[in-house]
Amino acid sequence: MSWSWGPVGVLTASYVRDVDHSKYKVTVVSPRDHMLFTPLLASTTVGTLEHRSIIEPVRPQAAKNGWRYLQAEATNLDLQQQRITCRMSSLHVSGVQKDTVIDYNHLVVAIGAQPHTLNVPGVDESRVFFLKETEHARNIRSHIHDCLEAASNTTLSPEVRRRLTTFCVVGGGPTGVEFAAELSDFLEQDAARLYPELTMLPQVIIFEAGTSILGSFDQALSEYGLMRMKRQHVDIRLQTQVKEVKDQSLVLSTGEEVNTSTIVWSTGVAPRSLVQQLDAKHKSNGSIGVDECLQIQEAQNAYALGDCASLERRLPTVAQVAEQQGAYLARHFNQNFSSAKPFAFASKGMLAYLGSYGGVKLSGFKAWLVWRGGYLTKLGTWRSRLQVPFDWAKTMFFGRDPARF
């Protein structure tokens with residue numbers, strides 16, 4: 001039986017790991033040639049971790065476990081004809097056909113989502129940074145380096161130096177908060193030592209349209225996060241919307257204009273264009289509608305999971321949902337689709353980095369250990385499980401690497 005999995009974006013490793021490869025011929029289609037552990041992505045923006053420590057190349061896993069990998073981007077899904085049209089993304093040579101068509105018997109769509117711009121004028125990758133992919137984190141790291149190096153030039157005007165060292169984060173969810181915490185740690189622990197001429201200049205500001213940060217956490221934990229971030233001298237502005245982004249500033253709903261050279265945009269997710277054009281039932285948020293067994297509604301032998309799909313009941317947009325859905329679908333396939341029970345999400349808890357020796361659920365050193373230990377157990381291979389602690393230890397003893405990546 002031929003079976004095609006994909007087609008774009010984040011690989012749900014739990015499915016590929018758990019499905020019975022003796023029953024199915026699995027093809028993974030993705031333009032990205034590595035699996036990314038996104039919960040630790042913010043740590044790579046300031047050198048706490050190195051980028052390669054949190055990625056796993058796809059090709060060795062495919063060779064080891066006997067499934068096929070095709071580095072390509074799906075451009076069209078025909079659910080009626082059970083066919084995927086792909087554009088090869090790894091070919092940069094002339095004379096090679098870039099498009100290919102794959103027929104499938106069963107399909108799992110796990111393409112994730114793209115950053116939600118909220119239709120705010122001026123929000124594009126030339127003015128803001130997103131934080132969903134490895135290249136995003138790499139670009140942020142290089143940009144932070146460039147801003148600090150430029151601001152260290154004391155011949156610049158105070159206004160320019162202040163703009164270069166004002167770092168704005170739009171969105172107070174887990175991604176925005178974790179990035180702000182990592183950046184705050186870097187500025188206080190490393191940049192203050194490496195750039196003594198910048199003393200008292202750098203500031204980190206979070207703009208959140210809601211009444212609290214970490215809205216997906218319960219109220220007590222959200223309040224703890226707010227207290228912890230303020231203790232780290234992060235300026236948190238609640239009930240504040242960004243109305244426009246300009247070249248060197250952003251305009252707030254209050255009418256204030258904040259001068260900044262760095263804007264990290266983290267305001268949730270929106271469906272990818274492939275999802276939007278899919279001939280299937282969509283939910284109000286634009287995602288693919290699936291039933292309780294994750295099957296795409298009004299489609300045969302097609303399933304969807306993660307941020308690109310929505311059930312009738314709302315689930316949190318966190319990585320552990322997609323992980324559990326992948327494992328659930330693998331069991332579903334291995335049992336030949338018999339006696340399938342509805343998918344039930346069991347929360348394993350919520351983790352967010354809130355600065356050195358700080359966390360949620362617990363506080364102090366215990367929370368720090370829980371946060372790091374919890375993520376370590378979720379890393380895909382022993383290579384990562386060894387490399388990540390090594391990076392943490394290197395940072396603890398020698399500080400973060402400030403070099404431009």
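Let me start with helix H6, residues 219-231: its 13 residues reach 18 Å from the first C-alpha to the last, close to the 18 Å expected at 1.5 Å a residue. A caution before going on: this is a predicted model.

Which residues of H6 are buried? They are Leu221, Ser222, Tyr224, Gly225, Arg228 and Met229. An α-helix has 3.6 residues a turn, so residues three or four places apart point the same way. On the other side of H6, the exposed residues are Gln219 and Ala220.

What do the buried residues of H6 pack against? Their partners are helix H5 (174-194), strand E11 (203-208) and strand E12 (234-238). After H6 comes histidine 233, with a positive phi near 65 degrees.

Staying with strand E11, valine 204 is found there. Valine 204 is buried, with a relative accessible area of 4%, where the cut-off for buried is under 20%. Leaving aside neighbours within four places in sequence, valine 204 is in contact with Phe167, Ala180, Leu183, Leu187, His233, Val234 and Asp235. Valine 204 and alanine 181 are 23 residues apart in sequence, and their C-alpha atoms are 9.1 Å apart in space.

Is threonine 262 buried or exposed? At 2% relative accessibility, threonine 262 counts as buried. With neighbours within four places in sequence left aside, threonine 262 is in contact with His143, Cys147, Thr166, Phe167 and Cys168.

Next, helix H10, residues 382-398. Its 17 residues should span 24 Å at 1.5 Å a residue, and the end C-alpha atoms are 24 Å apart, which agrees. The buried residues of H10 are Ser384, Val388, Asp391, Trp392 and Thr395. Why do we say they share a side of H10? Because they cover an arc of only 95 degrees around the axis. The face of H10 turned away from that buried side carries the exposed residues Trp382, Leu386, Phe390, Phe397 and Phe398. Just after H10, glycine 399 takes a positive phi of about 85 degrees.

On to the aromatic rings. The structure holds four aromatic pairs. In one of them, tyrosine 24 and phenylalanine 333 have ring centres 5.4 Å apart and planes at 70 degrees, so the pair is edge-to-face; the cut-off for that class is over 60 degrees. Tyrosine 24 lies in the loop between helix H1 (13-18) and strand E2 (25-30), and phenylalanine 333 in helix H8 (residues 319-334), so the pair ties together parts that are 309 residues apart in sequence. Both tyrosine 24 and phenylalanine 333 are buried. Ring pairs link Tyr15, Tyr24, Tyr303 and Phe333 into a cluster.

Then the nonpolar cores. The largest has 52 residues, and those with the most contacts inside it are Leu79, Val109, Ile296 and Leu329. Helix H8 supplies the largest share of this core, six residues. Leaving out residues up to four places away in sequence, leucine 79 touches Tyr104, Leu107, Leu278, Asp279, Ala280, Ile296, Ala299 and Ala302. A second, separate core has 43 residues, including Leu36, Ile140, Leu198 and Met229. Met229 is also one of the buried residues of H6, where I began.

Last, the overall figures. The protein has 10 helices and 20 strands. Of its 405 residues, 52% are buried. Among contacts with a separation of 6 or more, 64% are between residues 24 or more positions apart.

How values were computed. Residues are numbered from 1 along each chain as its sequence is written. This is a predicted model: local features need pLDDT of at least 70, side-chain atom pairs count only at pLDDT 80 or more; totals for chains, interfaces and linings use all residues. Side-chain values use heavy atoms; hydrogens and water are left out. Buried means under 20% relative accessible area, exposed over 50%, partly exposed in between (1.4 Å probe, protein chains only). Contact means heavy atoms within 4.5 Å. Rings of Phe, Tyr and Trp (its six-membered ring) pair if their centres lie within 6.5 Å; planes under 30 degrees apart count as stacked, over 60 as edge-to-face and the rest as tilted. Helices (H or I, at least four residues) and strands (E, at least two) are DSSP runs, numbered from the N terminus. The expected span of a helix is 1.5 Å times one less than its number of residues. The arc is that of the directions from the helix axis to the C-beta atoms. A nonpolar core is a set of buried Ala, Val, Leu, Ile, Met, Phe, Trp, Tyr and Cys residues joined through side-chain atoms within 4.5 Å.
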